[in-house]
Amino acid sequence: MSTVRRTAVALAALSALALTACGPTGDDTAGGTGTPSAGTPTAGSSPSGSAAPSKSATPTAKPAKPTKSAGSPGSKAPTDPDFDVFPCSTHDVTFTASLAEPTTSSYLLKITNKGTKACKVLGHPVVTFGALDGQATERGTAPGIEDAIRLAPGKSAYAGLMGGAVDGTGKTVDSIAMTMNTESDLVQTPLKASTPGLYVSSTKNSVTPWVDNAEDALSL
């Protein structure tokens, strides 16, 4: 073999060895089962290599709804039927006076609730005599506000105005004026009633508390 021929064969062998050394191994070919390196993170793992946290399967409890306390805007009105019943004033009633006993100039006073709501009748009527100064004195004890008459619409209450025998010490008047006890500073318009021949004595004129019937009003 000539020197040139041997040289060409040797170069071809060296080229084949070089190509084999640089090509992919069997594990790196498509469809191979190569194992990933230790430093390469796998799907679903955390960067540190630990397992990713999973979501809890237990639902979070919902906070309880607040309950309505007594007195809140949504609470019911008080159970006391009289919680919004106020004292009667002259704005709430009509007023009359009728002669009950001529010999003593005694009159039956009557008020009637003319409104659409109940009111409470407190104490004694405040009675003045026409143009005369002063007022009738109170006779008898009136119930407290808790036991006062509850005057429903259209219902009446009564009081007895006791005059006196003509003894020359007083005067005769033809009318009286009345205002209600409201236990407040409410301004009232006096209600007037005709009382022909009412003799106003300086010591004997008196008025009973309001009651719920005419007979008691004249016997107290």
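A polar contact is a pair of N or O atoms within 3.5 Å; within protein, one atom must be able to donate a hydrogen and the other to accept it. The legends below describe a predicted model.

**View 1. A polar contact links Ser156 and Thr112.** The side chain of Ser156 makes a polar contact with the side chain of Thr112, at 2.8 Å. Ser156 sits in strand β6. Beyond its neighbours within four places in sequence, Ser156 touches Lys110, Ile111, Thr112 and Leu151.

**View 2. Strand β3 and its antiparallel partners, β5 and β7.** β3 is mostly covered. Of its 10 residues, eight are buried. Three bridges join β3 to β5. In that pairing, Val121 stands opposite Ile149 of β5. Four bridges join β3 to β7. There, Leu122 has Asn181 of β7 as its bridge partner. Both pairings run antiparallel.

**View 3. Pro143 in the loop between β4 and β5.** This loop connects β4 (137-138) with β5 (149-151). Is Pro143 buried, partly exposed or exposed? Pro143 counts as partly exposed because its relative accessibility is 42%, and that class lies between the 20% limit for buried and the 50% limit for exposed. Val211 is 68 residues away from Pro143 along the chain. The C-alpha atoms of Pro143 and Val211 are separated by 9.5 Å.

**View 4. The whole protein, for orientation.** The protein has two helices and nine strands. From the N terminus on, the elements run α-β-β-β-β-β-β-β-β-β-α. What share of the 220 residues is buried? Buried residues make up 29%. The accessible surface comes to about 14,900 Å². Carbon and sulfur atoms account for 58% of that surface. Take the contacts between residues at least 6 apart in sequence: 73% of them join residues at least 24 apart.

Key:
Residues are numbered from 1 along each chain as its sequence is written. This is a predicted model: local features need pLDDT of at least 70, side-chain atom pairs count only at pLDDT 80 or more; totals for chains, interfaces and linings use all residues. Side-chain values use heavy atoms; hydrogens and water are left out. Buried means under 20% relative accessible area, exposed over 50%, partly exposed in between (1.4 Å probe, protein chains only). Contact means heavy atoms within 4.5 Å. Two strands pair if DSSP finds at least two bridges between them. Accessible areas come from the Shrake-Rupley method with a 1.4 Å probe; for residues, only the protein chains shown count as cover.
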